[in-house]
Amino acid sequence: MSVAVLGATGFIGRALVPTLAERHEVVAISRRGDAPAQRGVRPAAADAGDAASVRRALAGVEVVYYLVHSLGSPDFSSVDARAASTVAREASRAGVKQIVYLGGLGDDARELSPHLRSRAETGRALAAGDVPVTTLRAAIVIGRGSAGFETIVALVDRLPVMIAPRWVSMPTQPIALEDVVGYLAGVAGENAALGETFDLGGPEVLTYRAMIQRIGRLRGKHPRIVQVPVLSPRLSSYWLHLVTPVRASVSRPLVEGLRNPTVARDDRIRRLLPRELTPFDAAAAAALAVE
C-alpha cells in the first residue's frame, strides 16, 4: 500500500515514517523535501497550503497521514484550516482512500483554548471532503521533541523551586510516543476505523505536578512546586519562555489549552488495536535516555 505522511520531519512524523516503511511504500512529505533517505521511503517536497505541490505529492497514494500544524505562527488557526481544506480537496482528486489525522484530546470541551479549537477545526476541514477521515486524539506525548515533555524536563532541570499556576493540577493522560506511533500505523487501511474518532491515552491519568515530580525522581532531583491561584496564560508563557527551550509563541497556546482536562473518554481503540501500553515512568526514562 502507498502511504504519504504530511509533516514527515516533525516530532511524530520522524518516528512514524520508519514504522510505516516496514509494511508500506512511504512518501515522506515536508516543505523542503528533506526527510531522511531510507529503504521504502521516498522524500517529497510540498506545502500543505499549496494545492499544486500537494497534488504532485499525493499522486498514486492510498492513505494520507496529516501531521501538519502551524503552532508558533501568529495566525496558526487560519493557516491550519486553509491547509487542511487544501489537502482534503487534493486527496479526493488523487483518489485517496483514507486520511489519518492526529488531533488533541479535550477539543470537545465547551470553552476551548485557541490551540484546541484550531485542532478541532482542522479535523472538521479534513472531514468536509470526500475522503473518509480517521481521527486519533492524544494529550501530551512522552518522547524527545515533544514540546510538552521538553517543557517539563527543562523545568525539572533548571528550577529546584517553581511558582506554578493552577494548570499544574489539571488531569491529563500522557501516552508514550511508541504507542501513538503503533496506533497511527495500525489504522492504515483498517475499514473499521474509516470515519471514526478514537481517544488515545496511556495507562495512567496524572496531573502536570505529578509528571514534574516523577521526572524529577528519574533525574535525581526533588523539585518543589508552589502553586499560586492566578497566573495568566500570557505570563505563564513568558515564564516558560525564560526557563525552558519552548518559545512563548508556542508555549502560550499550549498553556491556554491546559485549562481543559485532557483525558480519554473511550477505549475503543484498545479493542480495535490491542497493545500493552507503556507506563509513564518507562516512557519518560526511555525518552530521557535519548540525549
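**View 1. Contacts of threonine 134 in a predicted model****.** Beyond its neighbours within four places in sequence, threonine 134 is in contact (heavy atoms within 4.5 Å) with Gln98, Ile99, Val100, Tyr101, Val187, Ala193, Leu194, Gly195, Glu196 and Phe198. The model is predicted: local features need pLDDT of at least 70, side-chain atom pairs count only at pLDDT 80 or more, and totals for chains, interfaces and linings use all residues. Residues are numbered from 1 along each chain as its sequence is written, and side-chain values use heavy atoms, with hydrogens and water left out.

View 2. Threonine 134 is found in strand β6 (strands are DSSP E runs of at least two residues, helices H or I runs of at least four, numbered from the N terminus).

**View 3. The open sheet of seven strands****.** The order is β3-β2-β1-β4-β5-β6-β11, with parallel pairing (two strands pair if DSSP finds at least two bridges between them). β3 (41–45) and β11 (197–199) stand at the edges; each has a single partner strand, so one side of each lacks a neighbour in the sheet. On average, neighbouring strands are turned by 20° against each other, direction ignored.

**View 4. Strands β4 and β5****.** β4 (residues 63–66) runs parallel to β5 (residues 98–104), joined by four bridges. Tyrosine 66 has tyrosine 101 as its bridge partner in β5.

**View 5. Helix α6 across the strands****.** Helix α6 (residues 177–186) lies across β4, β5 and β6 (133–138). α6 runs at about 155° to β5 (axes are lines fitted to C-alpha atoms, for helices over the stretch in contact; angles run from 0 to 180 degrees between N-to-C directions).
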